There are 2 protein chains.
Amino acid sequence: MPERANTCAIAGMSDVWEYYRGELDAVEDQIRQNLDSKVALVNTVCAHILSSGGKRIRPLLLILSARTAGYTGRDDVLLASLIEYIHTATLLHDDVVDHADLRRGRKTANGLWGNQVAILAGDYLYCQAICRIVGFRNQDVNECLSEACRKMAEGELMQLSYKDDTSISEREYLKIVEHKTGSLMAAACRMGAVAADADPAQRDALFAFGQAIGVAFQVADDALDYAAPREVLGKSLGKDLGEGQVTLPLLHLRKHCTDDERARLAEVMAKKHSGNGDLAWVVSLMERYGSIDHAMDTARRIVQAAKVHLDPFEDSLHKRALHVVADYMVSRNH
Amino acid sequence: MPERANTCAIAGMSDVWEYYRGELDAVEDQIRQNLDSKVALVNTVCAHILSSGGKRIRPLLLILSARTAGYTGRDDVLLASLIEYIHTATLLHDDVVDHADLRRGRKTANGLWGNQVAILAGDYLYCQAICRIVGFRNQDVNECLSEACRKMAEGELMQLSYKDDTSISEREYLKIVEHKTGSLMAAACRMGAVAADADPAQRDALFAFGQAIGVAFQVADDALDYAAPREVLGKSLGKDLGEGQVTLPLLHLRKHCTDDERARLAEVMAKKHSGNGDLAWVVSLMERYGSIDHAMDTARRIVQAAKVHLDPFEDSLHKRALHVVADYMVSRNH
């Protein structure tokens, strides 16, 4: 990798992508190298999903955390590639669960090869990651990653069990979000700290940072489901409403609207397929009551609190980059 | 547990179930205790599938292997419950993959709660098992179990990639069987050896024994798909033919039949839904050429070879029980 001036300023996310391009390219190489199954179909399916344009946020978080904690070696690249395997395994299963045909504009694995192949390829990626992880012979890494995987599955099941349940509380909603999105980002950051052989307090701090920005990311993502123009997020608006998922803007709206509005809201939620008219009505109500702004403010507050966990670390370009990534998580084009 | 006469004879499988009832009951207790998710749906779904009448062959193999290698402690019960979790996770995903509505006469999890819940509950069971396993802090156990999981997923994908492919060789068929069924039984036996702190040669021997009887079990199961009356196996006959899965009896038949028969066989295989008439014709041809007998003989030969791996172990009631289980794997009512 070419030498880089340590004084270079990191002002925004494009600087981060630019500055860590060498590390992220090494992660891509590693992702390809890990796909060494003797079964051609395994490699084909996994390569398809792994190359479908993910932003590699979790690998980036792992690498930045390791560097912030003083790491200068190269083990973080392999760990980073494995955390992306786990994330990709969950995407494969999510797309089957959601009957999704497209992901980032490309056909999904289930769309191309069927549910059977997608489920099993997800299982394979999980297991391949765990196989490589145990090769590190590090108890903290083993525990942290297996726990994150368990929490993600629990979080998705929690969400399913609250489907169509409008009585869910904000606390329960945040618990789901922490499980399904916070846990793997927390693990990514902690694994970086472990690679750096950081002390327990630093490991816990980076874990807490990762968990908080993961929660913030999901809260913002859920808010933008009611706000983002289609082309920004590359997915359809109002997906959660259609699927009966109750998220923060809806919780806020339900609390602040009139009784009549609340009654009509319950009717819309009870429909299996709410139309565009319903969605437009819900969004206009949310705008009137400031529900989307409230959710985005909540996400931003979580990010500000997350940054406090980084205070004990020495100032560095890497720590600065973590701050930038944290802000990026709640921006409209994350 | 009540004391048992060590001189009691173990002649058949019913003696084994009887003699190890205490240990197997402890495994059942442990299986229930591990289901400690705070998410009610997780526990409900997992309890349903875990109590659906599996024979607990893998837990039994683990316990018998541990005892054969001299173990007298109680860690094997927890390990045994976790290997059953992994097995159950694969069943949850298999039932989604196969669109199965019934398993052992009960509704499947996907039938009761839908594919989403079944896929995620499978993920949860995998992860919960791995979480508990890493708690043992034993590198051999970590490697052995994660490797087995990876091989199972690879085996299923290998099988899918050979679907409708009649050019598959016996060698390739046996490789699939080794991956999808041999690997977890091999891991169960090796984990027993690890619990007993057996030496590397003994660990390898029990691994090889488990792998071989796993292969034999699957070869026999595939043969019985063309031979067993419906009520014995509790599943429909000729399932593999209908699904385009080429197994040993078909490989044998294809090799020994006339050119005309081979041509008609290819036609039957090419149909998406072969009728009962086709199946009856295939079975009668297999009977004429001895294809089912050949497959059962192959399974029995593999079992005999498997037993040789136990020779280095001191004779004991536990070792005798392993021999009995090995024979049971290729019996018609396994």
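Predicted model: local features only at pLDDT ≥ 70, side-chain atom pairs only at ≥ 80, totals over all residues.
**Note on a two-chain model**

1. Residues are numbered from 1 along each chain as its sequence is written, and chains are lettered from A and ligands numbered from 1 in the order in which they are written.

2. Asp197(B) sits in the loop between helix H9 (170-195) and helix H10 (200-224) of chain B (helices, H or I of at least four residues, and strands, E of at least two, are DSSP runs numbered from the N terminus). Its phi is positive, about 55°, although Asp197(B) is not a glycine. Most residues other than glycine have a negative phi. In chain A, Asp197(A) has a phi near 55° and is placed in the loop between H9 and H10. Asp197(A) is partly exposed, with 14 C-beta neighbours inside 10 Å.

3. How are the two chains related? A rotation of 180° with 0.0 Å of shift along its axis superposes chain B on chain A, with an RMSD of 0.0 Å (least squares on the C-alpha atoms of residues with pLDDT of at least 70 in both copies). The copies are thus related as by a two-fold rotation axis.

4. At the interface, 36 residues of chain B are in contact with 36 residues of chain A (contact means C-beta atoms, placed from the backbone, within 7 Å). Of the interface residues of chain B, 100% are also interface residues in chain A, so the copies meet through the same surface. On the chain B side, H3, H5, H7 and helix H8 (139-161) each give two or more residues. H8(B) supplies the largest share, 14 residues. By class, this side has 21 nonpolar, eight polar and seven charged residues (Ala, Val, Leu, Ile, Met, Phe, Trp, Tyr, Cys and Pro count as nonpolar, Asp, Glu, Lys and Arg as charged, and the others, Gly among them, as polar).

5. Within chain B, H3 (residues 40-50) and H7 (residues 115-134) have axes that come within 10 Å and cross at roughly 90° (axes are lines fitted to C-alpha atoms, for helices over the stretch in contact, and angles run from 0 to 180 degrees between N-to-C directions). That makes H3(B) roughly perpendicular to H7(B) (65 to 115 degrees; under 35 is roughly parallel, over 145 roughly antiparallel, and the rest oblique). Val42(B), Val45(B) and Cys46(B) of H3(B) meet Val117(B), Ala121(B), Tyr124(B) and Leu125(B) of H7(B). This contact has seven nonpolar, no polar and no charged residues.

6. H4 (residues 57-68) and H5 (residues 75-97) of chain B pack at about 150°, with axes 8 Å apart. H4(B) is therefore roughly antiparallel to H5(B). Residues of H4(B) including Leu62(B) and Ile63(B) meet residues of H5(B), among them Leu79(B) and Ile83(B). The contact has seven nonpolar, two polar and three charged residues.

7. In chain A, helix H13 (residues 248-256) has buried residues Leu248(A), Pro249(A), Leu250(A), His252(A) and Leu253(A). Their cover includes H9 (170-195), H10 (200-224), H15 (276-289) and H16 (291-308) of chain A.

Methods
Contact = placed C-beta atoms within 7 Å. Buried ≥ 20, exposed ≤ 12 C-beta atoms within 10 Å, placed from the backbone.
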